[in-house]
Amino acid sequence: MSDSSNETLRQAALAYHEFPKPGKLEIRATKPLANGRDLARAYSPGVAEACLEIKADPANAARYTARGNLVAVVTNGTAVLGLGNIGALASKPVMEGKAVLFKKFANIDCFDIEVNESDPEKLADIVCALEPTFGAINLEDIKAPDCFIVEKLCRERMNIPVFHDDQHGTAIVVGAAAFNALHVAGKAFEDIKIVSTGGGAAGIACLNMLVKLGVKRENIWLCDVHGLVFEGREVDMNPQKSAFAQVTDKRTLDDVIAGADLFLGLSGPNVLTPDMVARMSARPIIFALANPNPEIMPDAARAVAPDAIIATGRSDFPNQVNNVLCFPFIFRGALDVGATTINDEMEIACVEGIAAMARATTSAEAAAAYQGEQLTFGAEYLIPKPFDPRLSGVVSTAVARAAMQTGVATRPIDDMKAYKAKLDANVYKSALLMRPVFEAARTASRRIVFAEGEDERVLRAAQAILQETTEQPILIGRPDVIDSRCERLGLEIRPDRDFKIVNPENDPRYRDYWESYHAILARRGVSPDIARAIMRTNTTAIGAVMVHRKEADSLICGTFGEYRWHLNYVAQVLAADELRPVGALSLMILEDGPLFIADTHVHVYPTPRQLADTAIAAARHVRRFGITPNIALCSQSQFGNQGEGSGNRLREAIQILDSAPRDFCYEGEMNVDAALDPELRARLLPSNRMTGAANVLIFGHADAASGVRNILKMKGGGLEVGPILMGMGNHAHIVTPSITARGLLNMAAIAGTPVAAYG
């Protein structure tokens, strides 16, 4: 990297830390403090009640305070990764970063605590004194051997988990990578020879972990800056190194590397030479983890050992050994069961959970975050990526279960399945709201045809459908393309074995399809030649014909192309089944709850009748999510204060709704702020019929509905489920090009149960 590039990166990093406000953390209140009543409960006198409950039973601290979800990241700055002994104050950006990772990956709150204390016993005293504040302690960047002393003293004296991430976090991820590397190489822990460089905290912890996993201690050869660790050596020794001392006359890394199955480097750049790699065993495993420059560059190692299995600590090479795969989730599981410590069994459960995830199919979300990378289990993909959302559910659950099985959990979890679902819901924002829909979908086995069957998102969704529902995906596309893409993406599913396929280029039903299409549209200008051409090239029309012919129960299309283009073919074909599109409903999952928006796509300028039908249909669909609909018809006009614009149409729609009994609450016309603010609405129209905030907003123009939907999605942090095409009895849904594989899975679940045709 050039000097100018380095300077650009440096300035960008500094700006990131300085703006828009210094640092990476802030504290936010979780309870309202808007009036005197709130103040009386938050502080004096109400706070005394919580204090007395905790005094009576210390376990109540997890009920009434943040302690049960609060971790301290503690350091004295004596061994900051890549920077060395820079002191407590200079280490603060690193510790703030660690706190951000806790929050991002496991929703754990964290305080960073930098301490000016170099004496390990005094540092341990300080950490132990913090026990009333925190549910767990993460020790960070403390030099060896002081870190061993601090952790040992804290674990002995504290009744909460104490975890030195530089030791155990690194060891766990190395253990998972080694587990899978040996699987790929066809070797076993008990048979391999390991040569390691680096006798610091991380290196020693990794070797101890490998011993726990089955490596024989006599097969481990440890080297440091002074050479091989051997019995009788006196230079720079400590009990942790001595545990791996060999009885030998060999003295250097070069002396012991021959025949090594695994090289484990946690030392410095260029320690391992190509000549040394050439003398390792067949299919050598090389973990060159020094940062930023590894012990050997991957291309140099492969030049002499093309079949080498390589991991580094860098994100620009495959198999990055990154502690973020471990520490957020081991703490998540430990905190949730009130563990008093983190023991060997919990660490090994973490190893096994991480390793198993890499061997399973990669998640769509991880694939989206790492576009262009091959995420199929093998030599280039030994461990999951940090942004794989499955980590929380899989690893945290494994850790919590191990804590319970070993008797260190003070708050055991009765229903582990529900616990995992809760963790997944924290990652997948749609999971909790979609639960009733998925449960309903499991009661019926519907055939869902996907028009764009060659799309990666569709393929990933199809696999998830087969794993998580009783639905049967049907994909429209070329079999050879679908098969090769499933192989490339590391998916387990294959066409014709796991799901049915329709090949537009050569399908035995081709004549039946074009004749059906022609029969429907013969008097709308579609000749037999046009029908034949469309059934060869238009996958949306093919899918609609399949639904019409009862060969599929529902069509999902729209992963590319314009919405109304798809709608034209869907509406034309399924009109023969007396189905008509009423409106498009988008569920926006926001920080403070769900909000439904309609009509975002179907009617650009809806009539009063169409607006009323949209409200009726929306109410039915909203109930499918277990939500009671509270519908506001929104306009620039506010309860009749304007005579132009959409207000007149909305008022007529209200009259249509008023003409018959309705089983849902509705009101309008009104501005969006009045819809969402009951107090404002009450001031404007005290006699309004709504209670509370609206959860469904229906607009008099598609531009308004679509604009609100996109603003909430792009700037409001909203996650969209939909759009749901109402009025089609769940026989067709048209998505948008921005949809994800998870979004397609959600739409398949929505399509997975029959509903009334105009709901």
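Author: Contact means that heavy atoms lie within 4.5 Å of each other, and by that rule Tyr517, Ile520 and Leu521 in helix 22 meet Tyr569, Gln572 and Val573 in helix 25. The model is predicted, and local features need pLDDT of at least 70, side-chain atom pairs count only at pLDDT 80 or more, and totals for chains, interfaces and linings use all residues. Residues are numbered from 1 along each chain as its sequence is written, and side-chain values use heavy atoms, with hydrogens and water left out.

Reader: Why are helix 22 and helix 25 called roughly perpendicular to each other?

Author: Helices here are DSSP runs of H or I with at least four residues, strands are runs of E with at least two, and both are numbered from the N terminus. An axis is a line fitted to C-alpha atoms, for helices over the stretch in contact, and angles run from 0 to 180 degrees between N-to-C directions. The axes of helix 22 and helix 25 (residues 563-574) come within 9 Å and cross at roughly 80°. Angles under 35 degrees count as roughly parallel, over 145 as roughly antiparallel, 65 to 115 as roughly perpendicular and the rest as oblique, and therefore helix 22 and helix 25 are roughly perpendicular.

Reader: What makes helix 22 roughly perpendicular to helix 24?

Author: The axes of helix 22 (residues 510-521) and helix 24 (residues 539-548) cross at roughly 85° and come within 10 Å, which makes helix 22 roughly perpendicular to helix 24 as well. In this contact Tyr513, Ser516, Tyr517 and Ile520 in helix 22 meet Ala541, Ile542, Val545, Met546 and His548 in helix 24.

Reader: How many residues of each class does the contact of helix 22 with helix 24 have?

Author: The classes are nonpolar (Ala, Val, Leu, Ile, Met, Phe, Trp, Tyr, Cys and Pro), charged (Asp, Glu, Lys and Arg) and polar (the others, Gly among them). The contact of helix 22 with helix 24 has 7 nonpolar, 2 polar and no charged residues.

Reader: How do you know that the side chains of Asp224 and Arg233 meet in a salt bridge?

Author: A salt bridge is a side-chain nitrogen of Lys or Arg within 4 Å of a carboxyl oxygen of Asp or Glu, and for Asp224 and Arg233 the N to O value is 2.6 Å. By this rule the count comes to 46 salt bridges. Another joins the side chains of Lys241 and Asp236, at 3.1 Å from N to O.

Reader: What makes strand 7 and strand 10 edge strands?

Author: Two strands pair if DSSP finds at least two bridges between them. An open sheet of 6 strands has the order 7-6-5-8-9-10, with mixed pairing, and strand 7 (227-228) and strand 10 (309-312) are its edge strands, since each pairs on one side only. Inside that order, strand 5 (residues 194-197) and strand 8 (residues 262-265) run parallel and are joined by 4 bridges, with Val195 opposite Phe263 in strand 8.

Reader: What sets Asp141 apart, given that Asp141 is not a glycine?

Author: Most residues other than glycine have a negative phi, and most peptide bonds are trans. Asp141 has a positive phi of about 55°, and Asp141 is found in the loop between strand 3 and helix 7. The loop between strand 3 (136-139) and helix 7 (146-157) also holds Pro145, and a cis peptide bond with omega of about 0° joins Ala144 and Pro145. Asp496 likewise has a positive phi, of about 70°.

Reader: Are Asp141 and Asp496 buried or exposed?

Author: Asp141 has a relative accessible area of 3% and is therefore buried, while Asp496, at 61% relative accessibility, counts as exposed.

Methods. Buried means under 20% relative accessible area, exposed over 50%, partly exposed in between (1.4 Å probe, protein chains only).
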